[in-house]
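Below is a report on one protein model. It covers charged pairs, aromatic pairs, a hairpin and model confidence.

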Amino acid sequence: MLKKLRQVLLSVLPTVIYAHLDYDNEQNAKPPFIIYQDISKRPNEFADDKPVYYLRTIQITLLTKKKDEVLEEKLESTLLDNDYIFSLTTEFKNSDGSINRVYEIRLEEFKHAKK
């Protein structure tokens, strides 16, 4: 599930990082880049005392040196073209002037559903 999402994100930018970025690391990626991570995974429905599916929330952060509406539109269009419905949760400026634009997508992960 996350491998497919990663491939979609790589079609937007060549630098896609899972989970976090260490700002103290000298090997940091230079903007623009995308960070994605799981922020929740909850069972949403049960059958026979087992979860039928989990609702996963994935956070996707686009980090750019300055406001880049063209890149934002490319990311949003690419997500929609691949059936990832997103919500924009926030956008903020970092102390160095770079911009974080944070999205969330929700995915259903079926575990014990009958095929």
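## Arginine 56 and its two partners

Arginine 56 forms a salt bridge with aspartate 38, with the closest N and O atoms 2.4 Å apart. A salt bridge here is a side-chain nitrogen of Lys or Arg within 4 Å of a carboxyl oxygen of Asp or Glu. The pair links distant parts of the chain: arginine 56 sits in strand β3 (residues 50-64), aspartate 38 in strand β2, 18 residues apart. Helices (H or I, at least four residues) and strands (E, at least two) are DSSP runs, numbered from the N terminus. Arginine 56 is buried at 10% relative accessibility. Aspartate 38 is partly exposed at 26%. Buried means under 20% relative accessible area, exposed over 50%, and partly exposed in between (1.4 Å probe, protein chains only).

Glutamate 109 also meets arginine 56 in a salt bridge, at 2.7 Å from N to O. This pair links distant parts of the chain too: glutamate 109 is in strand β5 and arginine 56 in strand β3, 53 residues apart. Glutamate 109 is buried, at 12% relative accessibility.

## Basis of the model

This is a predicted model: local features need pLDDT of at least 70, side-chain atom pairs count only at pLDDT 80 or more, and totals for chains, interfaces and linings use all residues. Residues are numbered from 1 along each chain as its sequence is written, and side-chain values use heavy atoms, with hydrogens and water left out.

The mean pLDDT of the protein is 88, and 89% of its residues reach 70 or more. pLDDT is the predictor's confidence in each residue, from 0 to 100. Among the elements, strand β2 (residues 33-47) has the lowest mean pLDDT, 87. Helix α2 (residues 69-81) has the highest, 98.

## The salt-bridge network

The count comes to nine salt bridges. One of them joins glutamate 91 to lysine 67, with the closest N and O atoms 2.8 Å apart. Glutamate 91 lies in strand β4 and lysine 67 in the loop between β3 and α2, so the pair ties together parts 24 residues apart in sequence. Glutamate 91 is partly exposed at 34% relative accessibility. Lysine 67 is partly exposed at 38%. Salt bridges that share partners join Lys67, Glu72, Glu76, Glu91 and Arg101 into one network.

## Aromatic pairs

There are two aromatic pairs. Rings of Phe, Tyr and Trp (its six-membered ring) pair if their centres lie within 6.5 Å; planes under 30 degrees apart count as stacked, over 60 as edge-to-face and the rest as tilted. Tyrosine 18 and tyrosine 36 have ring centres 5.1 Å apart and planes at 70 degrees, so they are edge-to-face. Tyrosine 18 is in strand β1 (residues 16-18) and tyrosine 36 in strand β2, 18 residues apart. Tyrosine 18 is partly exposed at 40% relative accessibility, whereas tyrosine 36 is buried at 5%.

Phenylalanine 86 and tyrosine 103 have ring centres 5.4 Å apart and planes at 90 degrees, so this pair is edge-to-face. Phenylalanine 86 is in strand β4 and tyrosine 103 in strand β5, 17 residues apart. Tyrosine 103 is buried, with a relative accessible area of 0%.

Strand β4 (residues 86-93) and strand β5 (residues 99-110) run antiparallel, joined by seven bridges. Two strands pair if DSSP finds at least two bridges between them. Phenylalanine 86 stands opposite isoleucine 105 in β5. Five residues lie between the two strands of the hairpin, and glycine 97 in the turn has a positive phi of about 95 degrees.
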